[in-house]
Amino acid sequence: RQQGPRRPPRATSPVALRPGPRSATTRGGRRGGPGRSCCGAPAGAMGLEPLFQAWSYFRRRKFRECADVCSQLLERPPGEQVAGAGPWREAAAAWNLKTRALTEMVYVDEIDMDQEGIAEMILDENAIAQVARPGTSLKLPGTSQGGGPSPAVRPVTQSGRPITGFVRPSTQSGRPSTMEQAIRTPRTALTARPITSASGGYVRLGTASMLTNPDGPFINLSRLNLTKYAQKPKLAKALFEYIFHHENDVKNALDLAALATEHAQFKDWWWKVQIGKCYYRLGLYREAEKQFKSALKQQDMVDTILYLAKVYLRLDQPVTALNLFKQGLDRFPGEVTLICGIARIYEEMNNVSSAAEYYKDVLKQDNTHVEAIACIGSNHFYSDQPEIALRFYRRLLQMGVYNCQLFNNLGLCCFYAQQYDMTLSSFERALFLAENEEETADVWYNLGHVAVGIGDLNLAYQCFKLTLVNNNDYAEAYNNLAVLEMRKGHTEQARALLQTASSLAPHMYEPHFNVAILSEKVGDLQRSYTAAQKSEEAFPGHVDTQQLIKQLKEHFAML
């Protein structure tokens with residue numbers, strides 16, 4: 001049995017952050033900036049006061065230049081301050097601005113950064129129900145009653161979820177059944193292997209940012225008097241984000257936030273959100289939930305709802321997260337991020353039909369939402385509607401998305417829509433735009449399916465070989481090469497290829513089923529029955545596997 005197209009339509013680059021950075025003027029100070037002065041002689045290369053020039057760089061998102069100008073201001077002797085600005089006012093303003101500039105250089109929105117590493121999974125003390133009710137768990141696959149294409153048509157990851165049309169950080173996470181399986185699975189964005197440690201990734205991000213300061217850290221955190229800074233709200237907010245994002249020192253950030261919220265008499269919702277973020281980063285999800293709920297009572301904010309939903313998803317409570325999103329939509333009608341959050345949860349719960357409906361609601365509010373367009377196109381492709389999927393991918397092309405994944409999808413849609421004149425040219429463009437070997441392997445694999453479709457098995461054999469040259473862990477290519485070897489009568493080579501495929505991807509049912517068929521033909525009934533059971537476990541609704549198991553049981557009954 002030959003496996004269908006395994007690689008999903010992926011329309012975007014493998015990192016999806018929130019659309020656009022947050023406005024830098026909403027954190028730490030007035031819009032004009034503290035210390036902005038109109039007096040004094042013009043200075044600097046632009047004929048501007050240096051502090052005003054640094055603020056101009058910051059507003060234009062030239063953070064490196066802004067930090068350099070602020071460093072020059074801070075290195076001045078006290079007697080060279082601008083007249084009228086006060087001996088410490090300009091220095092405090094430059095310190096604040098440099099802190100914010102360094103933070104913005106490494107700032108990543110916490111809402112979409114939801115990666116769960118192997119260390120977090122193994123050391124997780126939060127117990128979840130081992131036998132969850134259908135449709136109430138993300139950790140246990142196969143608990144959804146929602147409609148959608150079966151694994152025979154739409155491939156799934158090792159965590160049991162259907163492959164999405166849009167690569168997000170959360171789609172790379174999953175809870176494998178065993179530690180060995182998690183480690184042996186290739187580390188690519190196309191699988192559900194978790195990263196080694198999420199906290200380690202944050203630390204590496206923080207240490208890499210230190211390259212911006214050749215003389216060492218800008219702020220020595222061990223010598224800071226956090227109590228003094230907590231009493232100055234504008235400085236405290238800028239300092240907190242510097243510690244949290246740039247230095248990745250969650251403990252000191254939490255101490256500063258606790259002192260600041262105490263100074264504000266527990267009436268500042270912003271500090272409660274920051275304490276919740278620290279608790280979430282430390283794995284204290286119930287404490288984070290309390291802080292986010294308290295912040296929502298004081299100030300209803302969309303970001304706080306998204307943070308709280310992240311907590312519920314990490315606690316494996318998708319139904320609670322869905323209810324939270326729907327309550328948020330009552331207070332913020334038409335909010336795209338909330339509708340998109342509902343669609344993502346339904347998609348991860350295998351309820352693809354409901355996810356598609358909510359993605360369409362997203363497009364009603366924002367018709368240029370790349371994730372919604374890509375996911376709807378992927379759903380149409382796997383629902384045997386390549387012509388409609390082609391319209392969505394052409395829309396992405398018109399919007400300016402120009403990468404290997406998009407042309408790969410266009411080539412597949414053109415082939416299955418019988419528009420053969422555009423198929424090969426799309427795949428050629430995809431090969432030209434491929435940025436790494438994994439993307440090149442995807443294109444060659446799909447070209448192999450095109451060759452099978454037109455009956456050129458020699459070309460298909462070469463394409464699958466080229467797939468393995470670029471990515472030696474491509475289980476689907478091993479499976480399809482085994483099918484071609486079986487057609488040639490090379491039984492032993494086919495068996496070896498199938499064993500490799502089943503060890504690389506135990507969540508796929510095709511290698512196990514092919515091993516069962518092959519073993520049954522050569523008379524090895526026991527191995528055939530074992531492989532058929534693994535195939536049924538991976539895909540319980542596969543009719544051919546059920547028939548084979550029934551035949552084998554009849555054989556065993558006759559012995």
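**Exercise 1. Decide whether Lys62 is buried, partly exposed or exposed, and place Lys62 in the chain.**

Solution. Begin with the accessibility: Lys62 has a relative accessibility of 34% and therefore counts as partly exposed, since buried means under 20% relative accessible area, exposed means over 50%, and partly exposed lies in between (1.4 Å probe, protein chains only). Finally, take the C-alpha atom of Lys62 and that of Met105, 43 residues apart along the chain, and find a separation of 9.1 Å.

The model is predicted, with local features requiring pLDDT of at least 70 and side-chain atom pairs counted only at pLDDT 80 or more, while totals for chains, interfaces and linings use all residues. Residues are numbered from 1 along each chain as its sequence is written, and side-chain values use heavy atoms, with hydrogens and water left out.

**Exercise 2. Describe how helix 21 and helix 22 meet.**

Solution. First consider the geometry: the axes of helix 21 (residues 457–470) and helix 22 (residues 475–488) come within 10 Å and cross at roughly 145 degrees, where axes are lines fitted to C-alpha atoms, for helices over the stretch in contact, and angles run from 0 to 180 degrees between N-to-C directions.

**Exercise 3. Which residues have the most contacts inside the largest nonpolar core?**

Solution. A nonpolar core is a set of buried Ala, Val, Leu, Ile, Met, Phe, Trp, Tyr and Cys residues joined through side-chain atoms within 4.5 Å. The largest one has 65 residues, and Phe325 and Tyr359 have the most contacts inside it; helix 12 (residues 302–314) gives the most to this core, with nine residues. Leaving aside neighbours within four places in sequence, Phe325 is in contact with residues including Ile305, Leu306 and Ala309. Apart from this core lies another, of 30 residues, among them Phe464 and Tyr478.

How values were computed. Helix = DSSP H or I, 4+ residues; strand = E, 2+ residues; numbered from the N terminus. Contact = heavy atoms within 4.5 Å.
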